[in-house]
Amino acid sequence: GIQGVMAMMEQQQRHSKQTMDSAFSDMKALMGNAKEMVKIAERITASAGSEASSEDSDLQGMLLELGIASPVTKAQTGSLFHQALARQLSDFLQGPLTRADGMLLLADV
């Protein structure tokens, strides 16, 4: 009766909540990794700026291999840094996500 319908609705709500919690935890992990990658890129860029131009070209080659033609930095984008970074991540992940039918584990990224 009514209790059965209510129990089924509660179960669906719990399932939806678990699914959303899982999705947001994956998103938080992705953003945490993105921040770490930006720090690494900034550190590499800063160290490359003080070294010889041959090392600078090596750095650019490594970034190009990762699919990053011009890394997003706060110095370049200012207040639009997060939007530009999100766009760069989106562009970077589009190929792997397409090949994986739209779903990847964070370890595969």
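This is a predicted model: local features need pLDDT of at least 70, side-chain atom pairs count only at pLDDT 80 or more; totals for chains, interfaces and linings use all residues.

Reader: What is the phi of D101?

Author: The general idea comes before the case. Most residues other than glycine have a negative phi. Here, D101 has a phi near 55°, a positive value in a residue that isn't glycine.

Reader: And is D101 buried or exposed?

Author: D101 counts as exposed, because its relative accessibility is 73%, and the cut-off for exposed is over 50%.

Reader: Okay, next topic: charges. How many salt bridges are there?

Author: Side chains of opposite charge can pair when their charged atoms come close. In this model the count comes to one salt bridge. D91 forms it with R87, and their closest N and O atoms are 3.7 Å apart.

Reader: Where do D91 and R87 lie?

Author: Both D91 and R87 are in helix 4, four residues apart, which is about one turn of the helix. As for accessibility, D91 is partly exposed at 45% relative accessible area, while R87 is exposed at 52%.

Reader: Now Q88: why does Q88 count as buried?

Author: Q88 is in helix 4 too. Its relative accessibility is 18%, so Q88 counts as buried; the cut-off is under 20%.

Reader: Which residues does Q88 touch?

Author: Leaving out residues up to four places away in sequence, Q88 touches I68, S70, P71 and V72.

Notes
Residues are numbered from 1 along each chain as its sequence is written. Side-chain values use heavy atoms; hydrogens and water are left out. Buried means under 20% relative accessible area, exposed over 50%, partly exposed in between (1.4 Å probe, protein chains only). A salt bridge is a side-chain nitrogen of Lys or Arg within 4 Å of a carboxyl oxygen of Asp or Glu. Helices (H or I, at least four residues) and strands (E, at least two) are DSSP runs, numbered from the N terminus. Contact means heavy atoms within 4.5 Å.
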